[in-house]
Amino acid sequence: MITPLQMDLVAEELAIRWSDGTEQFISLEDLRKKCPCAWCEKNMIAAPQAQEHSPKPPLCKESYQILSIVPVGGYALQITWGDGHAAGIYSYDYLRKIRKN
Ligand SMILES: [Zn+2]
């Protein structure tokens, strides 16, 4: 399994150096919008038309700031965001699939 050797917050991005020698940069906004928890899946990945009829997720500037990153079970990272949201468990696999637009 490929695991993160090093993680750094660089400006608005999370830089991850993986054990296969690659380095990945993920914008914090992307990372937050792709939060894999059930709540975000329901509220953020809904079709734009559907969102018009439901309240927008309460995201603010703090929502895109990382307070802490904690490894979970050797296969994932739990990220705590500036607005207190910490339900997302980002598996290494999932993180590696997030591509910068
Ligand atoms: Zn979430």
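Analyst: Two strands pair if DSSP finds at least two bridges between them.

User: Okay, which strands does β2 pair with in the antiparallel sense over five bridges?

Analyst: That one is β3: β2 and β3 are joined antiparallel by five bridges. Strands here are DSSP runs of E with at least two residues, helices are runs of H or I with at least four, and both are numbered from the N terminus. Look at Ala15, which sits opposite Phe25 of β3. Four residues lie between the strands in the hairpin of β2 and β3, where Gly21 has a positive phi near 95°.

User: Before we go on, how are residues numbered, and what pLDDT do local features need?

Analyst: Each chain is counted from 1 along its sequence as written. Since the model is predicted, local features need pLDDT of at least 70 and side-chain atom pairs count only at pLDDT 80 or more, while totals for chains, interfaces and linings use all residues.

User: How many helices and strands does the protein chain have?

Analyst: There are four helices and six strands in the protein chain. Along the sequence, the pattern reads β-β-β-α-α-α-β-β-β-α.

User: What order do β1, β2 and β3 have in their sheet?

Analyst: Here's the general idea: strands of a sheet pair through backbone hydrogen bonds, either parallel or antiparallel. In this case, the order is β1-β2-β3, an open three-stranded sheet with antiparallel pairing. β1 (4–10) and β3 (23–27) are the edge strands, each pairing on one side only. From one strand to the next, the twist averages 20°, an angle between N-to-C directions (from 0 to 180 degrees) of axes fitted to C-alpha atoms. β1 and β2 run antiparallel and share six bridges, and Val10 faces Glu13 of β2 across that pair.

User: What is the phi of Ala11 near?

Analyst: Phi of Ala11 is near 50°, a positive value in a residue other than glycine. Ala11 belongs to the loop between β1 and β2.

User: Is Ala11 buried or exposed?

Analyst: We count C-beta atoms, placed from the backbone: 20 or more others within 10 Å of a residue's own means buried, 12 or fewer means exposed, and in between is partly exposed. Ala11 is exposed because it has 8 other C-beta atoms within 10 Å. Across the protein chain, 11% of the 101 residues count as buried.

User: Which residues are on the covered face of β5, and which on the uncovered one?

Analyst: In a regular strand the side chains alternate between the two faces of the sheet. For β5, Leu77, Ile79 and Trp81 make up the covered face, while Ala76, Gln78 and Thr80 make up the uncovered one.

User: Which residues form the largest nonpolar core?

Analyst: A nonpolar core is a set of buried Ala, Val, Leu, Ile, Met, Phe, Trp, Tyr and Cys residues joined through C-beta atoms within 7 Å. The largest one here has seven residues: Leu14, Ile16, Leu77, Ile79, Trp81, Tyr90 and Leu95. β2 (13–18) and β5 (76–81) are the elements that give two or more residues to this core, and β5 supplies the largest share, three residues.

User: Which residues does Leu95 touch?

Analyst: A contact means C-beta atoms, placed from the backbone, within 7 Å. Not counting residues up to four places away in sequence, Leu95 touches Ile16 and Tyr90.

User: And is Val70 buried or exposed?

Analyst: Val70, in strand β4 (residues 66–72), counts as exposed because it has 11 C-beta neighbours inside 10 Å. Leaving aside neighbours within four places in sequence, Val70 contacts Leu77 and Gln78.

Notes
Contact = placed C-beta atoms within 7 Å.
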